[in-house]
Amino acid sequence: MSTAFAAGEFDRLPVIDVRALTDPSSSAAARQSVAEQLGAACRESGFFYAIGHGVSAGLQSHLEDLSRRFFALPLADKMAIRMALGGRAWRGYFPVGGELTSGRPDRKEGLYFGAELDPGHPLVRTGTPLHGANLFPREPLGLRAAVLDYMAALTHLGHALMSGIALSLGLTEDYFAVRYTADPLVLFRIFNYPPGADTAEDGQPIWGVGEHTDYGVLTLLKQDDAGGLQVKSRQGGQVRWIEAPPVPDSFVCNIGDMLDRMTRGVYRSTPHRVQNRAGRDRLSLPFFFDPGWTAAIRPIDAPALEGASADDASERWDGQSVHTFQGTYGDYLLGKVGKVFPDLKTAVL
Ligand SMILES: O=C(O)CCC(=O)C(=O)O
Ligand SMILES: [Fe+2]
């Protein structure tokens, strides 16, 4: 376990082999050992690379290839599945500049997906935001199947990692599954970050994604080899941005606001941002493994968290403390997505 840095001060993100969590025949000792590494990473930076994750390399490269082919289509073809057509389900394509972080447009385009739910699903029938059917493009052929297969594989991995995170807190492996993620809210995005100048005419930096934290419990990010993801660290009170460079066949995993809330700030939802300086397109595929929509978020009562009390409002990118939040995950998420897509919020919610 690393003790060289205080929580929130780090200069690299650990690489953790999580095989024991995905292998049903692994020993309790092997699972515990992975859990301890996860716990250290969650306390220190809230970020780690997962290797040994068991997600098919063939599926990943197939999906990457199809994604690049989609983004290479003429804008009009991509706009045929624009998000406005996805309605309350919040699915489809948005063009470069169509999404805001902290009020400024990001230099990225992307596709939004989620669990494929038919109109008869109870949450769809009641018009619950972010639930419904996906908008898949007509081409490239095979994207639909690849996205659905990938979401299934990553959901499986999300459950495995959350069982390790539960163990790392001295909880039973099914702690999160029982309370929050038996029916997780999964959101999946495919982003393309075009190359371009680092600064705007007004001298402000241009970000692929501006500084933010993620909203749920766990994000599993597949990034290509362009680099550009940065994670906010501190040293002696000074902010220091740490690169999260590509690591072959890994997922960059980070915890979100809800796990920060549940652990009273002990497991950190750490700000991060992206700037594509590679001089070519950067492809990334973040998968969000989150509590179910109606799950009420509550602090965890565990000896490992005794004495923890967090007040993060002055520290946070949005000036708001997650620790005063009370309500369901749906309440939390809805408050956030309205800010990143204001037009869509007015139109469909
Ligand atoms: O594209 C990336 O590397 C990060 C994306 C991200 O932080 C997000 O979608 O929340
Ligand atoms: Fe993020």
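Which residues does the UniProt annotation "domain: Fe2OG dioxygenase" cover? According to that unreviewed entry, the annotation covers residues 183-291. The model described here is predicted. Within the span 183-291, 6% is helix and 45% is strand, and the end C-alpha atoms lie 8 Å apart.

**Iron site**

- Three residues coordinate the iron ion (ligand 2): His212 through NE2, Asp214 through OD and His272 through NE2, at 2.1 to 2.2 Å.
- Along the chain, the donors of this iron ion follow the spacing H-x1-D-x57-H.
- His212 belongs to strand S8 (residues 209-212) and His272 to strand S13 (residues 272-274), so the pair ties together parts that are 60 residues apart in sequence.
- Are His212 and His272 buried or exposed? Both are buried, which under the criterion applied means under 20% relative accessible area.

**Sheet containing S8 and S13**

- Strands S8, S13, S10 and S11 form an open sheet of 4 strands, in the order S8-S13-S10-S11, and their pairing is antiparallel.
- S8 and strand S11 (238-243) are the edge strands, each pairing on one side only.
- From one strand to the next, the twist averages 25°.

**Pairing of S10 with S13**

- Strand S10 (residues 229-235) runs antiparallel to S13, and 3 bridges join the two.
- Gln230 stands opposite Arg273, a residue of S13.
- S13 also holds His272, one of the residues that coordinate the iron ion (ligand 2).

How values were computed: Residues numbered from 1 in each chain as written. Chains lettered and ligands numbered in written order. Predicted model: local features only at pLDDT ≥ 70, side-chain atom pairs only at ≥ 80, totals over all residues. Heavy atoms only, no water. Donors = N, O, S within 2.8 Å, 3.2 Å for Na, K, Ca; no water. Buried < 20%, exposed > 50% of the residue type's maximum accessible area, 1.4 Å probe, protein only. Pairing = 2+ DSSP bridges. Axes fitted to C-alpha atoms, helices over the stretch in contact; angles between N-to-C directions. UniProt positions renumbered as here; feature names shortened; annotations may be inferred.
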